[in-house]
Amino acid sequence: MKPVNPQATPNAGKLLQYLSEIGGNRIITGQHTQTAAMEEIGEIRKITGKEPALRGFELLSYSPNIRYETGDEYCRKEIDENRNTLELALEFGRNGGIVTFTWHWFSPLSGWDKSFYSEKTDFDPEKVLVEGTEERKAFYHDMVL
């Protein structure tokens, strides 16, 4: 099996081939990590002697719309504890790990605290689909940073 994208990296091709080979026969275990310290991985290693082949990394600290002044202590702590996750993900991937990402994107227009929760912002995601709206402009601005 080959990647659809002709510009896919050799490693992407290897991963696709591997997933194709094990499909229906094996299970890949994974773990989302809450912070850059990845306490979950240490606990899994302590209990099983192994680490998951798949690791999820949180990108919330990369949001350009973080409002520290409106976030509570827990919000600011979570942002700080997720710094440098891209570098950690790259290292994990270079060492043969399978990487996934989650991005809790802070609202680009209005909001407070963890504005990726709908109750903490007035941002209307449906308006992203409407030409000329501030939501659409803000969405595309942040996606191409």
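How exposed is Glu87, as judged by its relative accessibility? At 46%, Glu87 counts as partly exposed (buried is under 20% relative accessible area, exposed is over 50%, and partly exposed is in between, with a 1.4 Å probe and protein chains only). The views below come from a predicted model, in which local features need pLDDT of at least 70, side-chain atom pairs count only at pLDDT 80 or more, and totals for chains, interfaces and linings use all residues. Residues are numbered from 1 along each chain as its sequence is written, and side-chain values use heavy atoms, with hydrogens and water left out.

**View 1. Glu87 sits in helix α4.** Helices here are DSSP runs of H or I with at least four residues, strands are E runs of at least two, and both are numbered from the N terminus. Look for Ala36 as well: Glu87 and Ala36 are 51 residues apart in sequence, yet their C-alpha atoms are 9.8 Å apart in space.

**View 2. Helix α4 (residues 85-94) has Thr85, Ala89 and Phe92 as its buried residues.** These three lie on the same side of α4, because they cover an arc of only 65° around the axis (the arc is that of the directions from the helix axis to the C-beta atoms). Just past the end of α4, Gly96 takes a positive phi of about 95°.

**View 3. Three strands make an open, parallel sheet in the order β1-β2-β3.** Strands count as paired if DSSP finds at least two bridges between them. The edges belong to β1 and β3, each with a single partner strand, so one side of each has no neighbour in the sheet. On average, neighbouring strands are turned by 20° against each other, direction ignored. Axes are lines fitted to C-alpha atoms, for helices over the stretch in contact, and angles run from 0 to 180 degrees between N-to-C directions.

**View 4. Leu60, Ile66, Cys75, Ile79, Phe106 and Phe116 form the largest nonpolar core.** Such a core is a set of buried Ala, Val, Leu, Ile, Met, Phe, Trp, Tyr and Cys residues joined through side-chain atoms within 4.5 Å. Leaving out residues up to four places away in sequence, Leu60 touches Ile66, Glu78, Ile79, Asn82, Trp103, His104 and Phe106. A second, separate core has five residues, among them Met38, Phe57, Ala89 and Phe92.

View 5. Met38 is not a glycine, but its phi is positive, near 55°. This residue lies in the loop between β1 (30-32) and α2 (39-48) and is buried, with a relative accessible area of 14%. Asp113 also has a positive phi without being a glycine, at about 50°. Its place is the loop between β3 (98-102) and α5 (134-143), and Asp113 is buried at 8% relative accessible area.

Methods:
Contact = heavy atoms within 4.5 Å.
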